[in-house]
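Subject: Structure handover

Hi,

Here is the structure to go with your sequence. Please open it alongside this note; my findings follow below.

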Amino acid sequence: MCSYHRTVRVLVQVLWAHLLCGWAFGSELTFELPDNAKQCFYEDITIGTKCTLEFQVVTGGHYDVDCRLEDADGTVLYKEMKKQYDSFTFTAAKNGTYKFCFSNEFSTFTHKTVYFDFQVGEDPPLFPNENRVTALTQMESACVSIHEALKSVIDYQTHFRLREAQGRSRAEDLNTRVAFWSIGEAFILLVVSVSQVVLLRSFFSDRKTTTTRVGS
């Protein structure tokens, strides 16, 4: 029984460590990007830190956006135009505030919904002695495996949610187009029907003729 409670306590610690690591070392956000607009974000990074920027356009237009990443001195590290999704990994070469921007300035009337995940650094070891020379215990190895599995599950869930949101947006857009097209067809059918009725009635209507006698 004591072993069971110890296992549960360790698993809870693993969950908290996973949540805290995701909070402290990552920036994840979904935001609205209006037409003719540009949105920038900033992150303080120390030299030698490995970073990963991943983004995806969830809704809007052709599902594309401009992305630009600059270091502390304004040097462009990454620049892509009209990308639907992409991932970029780099190692900071200097200390300072790094800036990454998303631009929808090329769109005149369509706003976008953009998701990005900016990971700074790597997760710290789950246990303080995880990097020691000696092997981990069976319990510690199981906790590390669960920790890695939980991270993979969260990544898969995030991507599935993005795909579901994108699919829903496409379906709603298609539904709107079908509805307007159906209304247009119904209106055209009504006009054609009324025109045919009026035309047929003109064929069978009685025409009064008048006769005039000349020289009577």
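Start with strands S4 and S5. S4 covers residues 65-70 and runs antiparallel to S5, with five bridges joining the two. This is a predicted model, so read everything here as computed from that prediction.

Arg68 has Lys79 as its bridge partner in S5. Glu70 is bridged to Val76 in S5. The two strands form a hairpin, and five residues lie between them. Look at Gly74 in the turn: its phi is positive, about 90 degrees.

Which strands does it hold, and in what order? There are four, arranged S2-S7-S4-S5, and the sheet is open. The pairing is antiparallel. S2 (38-45) and S5 are the edge strands, each pairing on one side only. From one strand to the next, the twist averages 10 degrees.

Glu80 sits in S5, which spans residues 76-83. Is Glu80 buried, partly exposed or exposed? Its relative accessibility is 29%. Buried would need under 20%, and exposed over 50%. Glu80 therefore counts as partly exposed.

What does Glu80 touch, leaving aside residues up to four places away in sequence? The contacts are Val65, Asp66, Cys67 and Asp86. Take Asp66 from that set. Asp66 and Glu80 are 14 residues apart in sequence, yet their C-alpha atoms are 5.8 Å apart in space.

Further along the chain is a segment with an annotation. An unreviewed UniProt entry lists residues 178-200 as "transmembrane region". In the model, residues 178-200 are 100% helix and 0% strand.

Last, confidence. The mean pLDDT over the chain is 79, and 77% of the residues score at least 70. Among the elements of the chain, S4 has the highest mean pLDDT, at 94. Helix H1 (residues 2-24) has the lowest, at 41. Over residues 1-24 the pLDDT is below 50. That stretch has 16 contacts in the model beyond near neighbours in sequence.

Best wishes

Conventions. Residues are numbered from 1 along each chain as its sequence is written. This is a predicted model: local features need pLDDT of at least 70, side-chain atom pairs count only at pLDDT 80 or more; totals for chains, interfaces and linings use all residues. Side-chain values use heavy atoms; hydrogens and water are left out. UniProt positions are given in the numbering used here, feature names are shortened, and annotations may be inferred rather than shown by experiment. Buried means under 20% relative accessible area, exposed over 50%, partly exposed in between (1.4 Å probe, protein chains only). Contact means heavy atoms within 4.5 Å. Two strands pair if DSSP finds at least two bridges between them. Axes are lines fitted to C-alpha atoms, for helices over the stretch in contact, and angles run from 0 to 180 degrees between N-to-C directions. pLDDT is the predictor's confidence in each residue, from 0 to 100.
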